[in-house]
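My entries follow in the order in which I made them.

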Amino acid sequence: MQPPGTPPPDVVVVQVLADGTLRINQEPVSWDRLGARIDEVFKPRATRVAFIRGDGPVEFGVVAKVIDVMHAFGIASVGLLTPDLEKGL
């Protein structure tokens, strides 16, 4: 069984940290590699759905930038994770 708050392994989560750094499923990724890494992660997957988790103080504009990159690389469905939603995963 997974620890609480840990998404299932088939779920892709892009995390935007308070300091502006990014992670995809806990793996650090730079802004300049974000699109390429998203492409690599989703290449073998039939479902192109991802979630974004932002630290509390992250500005919406930063989250919107991540969403734009994801859309540019064919991720049509992007959800936002909040602590309450994560409890239900």
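Predicted model: local features only at pLDDT ≥ 70, side-chain atom pairs only at ≥ 80, totals over all residues.

**Entry 1: Lys43 and its partner.** Lys43 forms a salt bridge with Asp39, and I note 3.8 Å between the closest N and O atoms. Asp39 has a relative accessibility of 28% and therefore counts as partly exposed.

**Entry 2: the other salt bridges.** How many salt bridges does a search of the whole structure find? I get four. One of them joins the side chains of Arg37 and Glu27, with an N to O distance of 3.1 Å. This pair links distant parts of the chain, as Arg37 belongs to helix H1 and Glu27 to strand E3 (residues 27–29), ten residues apart. I have Glu27 down as partly exposed because its relative accessibility is 37%.

Arg37 also meets the side chain of Glu40 in a salt bridge, at 2.9 Å from N to O. Glu40 and Arg37 are three residues apart in helix H1, so about one helical turn separates them. For Glu40 I read a relative accessible area of 40%, which means partly exposed.

I then went back to the pair of Asp39 and Lys43, at 3.8 Å between the closest N and O atoms. Which residues do salt bridges with shared partners join into one network? I list Glu27, Arg33, Arg37 and Glu40.

**Entry 3: H1 against H2.** Two packed helices are described by the angle between their axes and the distance between the axes. I looked up both values for helix H1 (residues 34–42) and helix H2 (residues 60–72): the angle is about 50° and the axes are 9 Å apart. That angle makes H1 oblique to H2. The crossing of the two helices is right-handed. On the H1 side, Leu34, Gly35 and Ile38 make the contact, and on the H2 side Val66, Val69 and Met70 do.

**Entry 4: Leu22.** Is Leu22 buried or exposed? Leu22 counts as buried because its relative accessibility is 2%. Leu22 sits in strand E2 (residues 22–24). I set aside the neighbours within four places in sequence and read its contacts as Gln15, Val16, Glu27, Pro28, Val29, Ser30, Trp31, Leu34 and Val66. Leu34 and Val66 had already come up in the contact of H1 with H2. Leu22 and Val66 are 44 residues apart along the chain, and I noted 9.3 Å between their C-alpha atoms.

**Entry 5: Gln15.** I took Gln15 next, from the contact list of Leu22. Gln15 is in strand E1 (residues 12–16). Its relative accessible area is 11%, so I class Gln15 as buried. Beyond the neighbours within four places in sequence, Gln15 is in contact with Thr21, Leu22, Arg23, Gln26, Arg53 and Asp55.

**Entry 6: whole chain.** The protein has three helices and five strands, which run β-β-β-α-β-α-β-α from the N terminus on. Of its 89 residues, 31% count as buried. I also looked at contacts between residues at least 6 apart in sequence, and 61% of them join residues at least 24 apart.

Terms used:
Residues numbered from 1 in each chain as written. Heavy atoms only, no water. Axes fitted to C-alpha atoms, helices over the stretch in contact; angles between N-to-C directions. Helix = DSSP H or I, 4+ residues; strand = E, 2+ residues; numbered from the N terminus. Parallel < 35°, antiparallel > 145°, perpendicular 65-115°, else oblique. Left-handed = near helix turned anticlockwise from the far one by under 90°. Contact = heavy atoms within 4.5 Å. Buried < 20%, exposed > 50% of the residue type's maximum accessible area, 1.4 Å probe, protein only.
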